[in-house]
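Thanks for coming, everyone. Please look at the structure on the screen, and I will walk you through it.

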Amino acid sequence: MNYIEFLRMRRNITWLAGVLAALALLSMISINVNAYKVHVGADIGGPTGVDVAALFGLALGITLIFATIVGGTLSRENETPEMARTKPFPREQIAFSFLLTDLAAILLAFVISNAFIFLIFLDFCWVVHVRASFHVGEEAGLLVTLGLGVAFMWYALVQAVSSGLRGRGGITIGLSWAYFTILLGLSHVTLFPVPLHDLIMALNLLNPLAYMNSLTTHGDTLSASIPNSIFTLDPWLRAAIVWLIGIAAGVVASYNWKRLEF
Amino acid sequence: MEHSIAIRDLTKRYGNFTAVSGLTLEVEPGSICGLLGPNGAGKSTTFKCLLGLARPTSGSIAIEGKPLTPATFQDLAYVPEKSALYENLTLAEHLEYYRRCYARYDAARASELIDMFKLDRKKKVGKFSKGQRTAVSLILAFSLRPRIFVLDEPASGLDPIFQRLVLDLMIEAAAGGASVLFSSHQIGQVERAADRVAILKNGKLVVDGSVDELKTTEKIVEAIFATAAPDIDGLAADPRIRRIERSGRIIRAYVSDGSEAIAKRFEEFSPRDVSIMDLGLEDIFLTAVDGRDATIPHGDLP
Amino acid sequence: MAAIFTVDPRSGVPLYLQLIEQVKRAVALGTLAPGEQLPTVKSLALDLTVNPNTVARAYRDLERDGIIETSPGRGSFVRSNGAPGEARRAAEDVAVAMLGEAIRQAKALGLERMRLEALLDDLVGRWFPPHGEE
């Protein structure tokens with residue numbers, strides 16, 4: 001039932017891995033060329049080692065981009081409606097199988113991104129003669145839950161909007177980037193009258209970026225920190241909200257997909 | 001006997017436009033029904049409603065006596081009008097998709113059909129010609145060994161040899177007890193393969209019956225007069241007359257039934273000659289879609 | 001086997017009637033001998049690329065007319081006794097209908113009865129020479 005989506009995601013993951021491999025190779029060449037004379041020779045990360053979560057940030061960014069790119073798959077299926085929709089399975093089940101396949105691909109994208117980032121980091125340590133040790137910080141679990149939640153929420157919102165359209169997934173993805181970043185930016189504008197500001201804050205409730213924006217604080221490069229949010233909410237609550245909105249958007253997406261007529 | 005397909009009083013409107021209006025059509029097991037009609041007559045809309053791709057505005061559809069459910073598709077294969085295939089996937093990947101979806105997928109049959117249509121499994125479907133894509137859709141449909149085939153212009157883009165092959169596939173399936181509902185612009189295909197023909201015009205059924213029965217009843221009655229043809233107004237009102245053509249001394253009546261009786265009525269005007277001429281399906285079709293907007297009573301099935 | 005029958009789907013004559021006539025002709029002419037097996041419905045339908053129900057209907061009518069007999073599981077056969085006679089009678093019906101139509105048309109063209117009879121005599125003589133064989 002989800003074989004088509006499996007093939008699609010396999011191709012996407014292969015592409016991602018290829019691009020990351022090329023980038024990693026370039027970075028490693030650059031590191032080896034530029035830093036081969038540097039000899040730091042010290043340990044990195046202090047007595048406890050480097051918090052792995054500190055490296056997750058970049059991987060979460062790559063995952064977010066990947067998640068939004070694959071957000072138009074249900075609308076792509078509407079270009080060939082006779083295919084998926086005349087198979088002997090309930091249509092909502094087909095839609096859910098697509099969403100789950102995509103979610104698995106998003107998680108895999110995170111794992112692959114981390115693998116390349118660690119590879120580059122270890123290569124750097126090796127070139128400059130630094131011994132690195134690692135530990136999993138307290139915030140790692142929260143950071144990953146929140147970060148992947150934001151990626152999934154974004155993905156699911158794109159699906160919810162585009163699954164009832166015939167092949168407009170690409171435009172929806174592009175517009176989502178513009179819409180979410182502008183909306184987040186507007187929330188920082190203090191000049192607006194109160195009602196308008198409230199409206200912008202309300203709209204931001206459905207903005208994945210609003211739950212995880214680093215515009216106001218930056219973490220130390222080697223210790224993990226939870227990005228701030230324009231909502232003053234407990235980070236675990238934020239994580240729960242983005243996942244719940246993501247799941248709700250997934251349900252809406254499958255309903256819209258099922259309802260579409262030709 | 002339970003109908004393989006039973007469409008009852010189907011109406012489908014898109015906004016103000018009525019695509020199908022009060023259509024009732026049944027297909028029996030082992031029967032091949034050809035659906036004819038000019039472009040925009042409602043053939044594809046009928047198919048979409050039949051498959052649940054569009055929701056009927058009113059009316060009902062039953063497949064083997066039951067409303068459409070996901071399980072129905074184990075026994076129903078559909079070939080859409082424009083091939084709906086995954087451009088980026090190879091033929092082999094399409095086959096694998098079908099193998100995973102259908103309980104009765106027959107890999108040996110698929111191989112046989114691929115050889116018949118001379119296709120390359122490893123090639124991406126996007127690289128195939130229009131006719132080859134039609135062939136892919138047909139291969140997928142006929143490899144499922146379903147009990148019901150719904151084929152929207154199944155021979156479009158195919159060369160005459162493959163067109164004949166498609167008809168043979170349909171005939172073979174029907175001989176094995178499957179039922180086929182197909183649309184076509186090529187009346188000759190319907191004339192050969194179908195035992196039943198339904199003609200749509202502006203969303204309405206204007207002819208429905210057995211092909212042989214229609215050829216038995218649909219005739220041209222031609223009367224030739226020694227001088228200018230007389231007024232036959234009383235006769236023209238006969239509901240069995242679809243259309244009357246007059247030119248000089250000749251009157252030609254296209255009749256849906258009772259050609260002998262109508263020929264007798266013509267005799268009353270003392271013509272020089274009255275003859276009854278047979279009509280091929282093409283003439284029946286053209287008369288039906290040009291002529292008056294009425295449904296001919298069902299011809300009995302053989 | 002396919003070659004014994006041909007049909008013209010485009011004709012206004014129903015296909016099953018064309019098939020019936022073809023079988024009757026073949027039996028009357030002896031191309032199909034008494035006891036000889038006919039192709040199955042499916043194989044004849046595929047050979048001619050025509051609907052199987054049309055073939056089945058022709059076979060049913062032929063059986064009713066006593067030209068063939070069908071035994072379940074074994075197939076259809078030309079009837080051993082009586083079939084050629086039945087077929088000849090059927091062929092005669094076809095011939096009469098065709099002659100009748102020709103005469104009707106000749107009359108419509110304005111031919112007098114006497115003239116027509118003379119012409120018919122002439123034509124019959126051409127096909128059945130008084131001194132020739134048969």
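First, a term: two residues are in contact when they have heavy atoms within 4.5 Å. Now chain B. Among its contacts between residues at least 6 apart in sequence, 71% join residues at least 24 apart.

Some ground rules. This is a predicted model, where local features need pLDDT of at least 70 and side-chain atom pairs count only at pLDDT 80 or more, while totals for chains, interfaces and linings use all residues. Residues are numbered from 1 along each chain as its sequence is written, chains are lettered from A and ligands numbered from 1 in the order in which they are written, and side-chain values use heavy atoms, with hydrogens and water left out.

Back to chain B. The secondary structure of chain B comes to ten helices and 14 strands. Here helices (H or I, at least four residues) and strands (E, at least two) are DSSP runs, numbered from the N terminus. Along the principal axes, the C-alpha atoms of chain B fill a box of roughly 70 × 40 × 35 Å. Of its 302 residues, 57% count as buried. Buried means under 20% relative accessible area, exposed over 50%, and partly exposed in between, with a 1.4 Å probe and protein chains only.

Take one helix. How many of the eight residues of α1 (residues 43–50) of chain B are buried? Seven, so the helix is mostly covered. Among them are B:F47, B:C49 and B:L50. Just after α1(B), B:G52 takes a positive phi of about 75 degrees.

Next, the chains together. Two pairs of chains touch, and chains A and B have the most contacts. Chains A and C share no contact; their closest C-alpha atoms lie 27 Å apart.

Now empty space. Rolling a probe the size of a water molecule over the atoms shows where empty space is left. On a 1 Å grid over the protein atoms alone, a cavity is a set of points where a 1.4 Å probe fits but cannot get out; a pocket is an open set with protein on both sides within 12 Å along at least five of seven lines; lining residues have an atom within 4 Å of a point. Grid points are joined across faces, edges and corners, and a volume is the space filled by probe spheres set on the points.

The largest pocket has a volume of about 1,200 Å³. It is lined by 31 residues, and B:D278, C:V94, C:A97, C:M98 and C:E101 are the closest to its centre. Which helix gives the most to this lining? That is α4(C), with eight residues.

There are two cavities of 30 Å³ or more. The largest cavity has a volume of about 140 Å³. Its lining has 16 residues, with A:T86, A:K87, B:Y78, B:P80 and B:Y98 nearest its centre.

Last, the rings. The whole structure has 15 aromatic pairs over all chains. Rings of Phe, Tyr and Trp (its six-membered ring) pair if their centres lie within 6.5 Å; planes under 30 degrees apart count as stacked, over 60 as edge-to-face and the rest as tilted. B:Y97 and B:Y98 are edge-to-face, because their ring centres are 5.9 Å apart and their planes are at 85 degrees. Both B:Y97 and B:Y98 are buried. In chain A, ring pairs link A:W154, A:W177, A:Y179 and A:F180 into a cluster.
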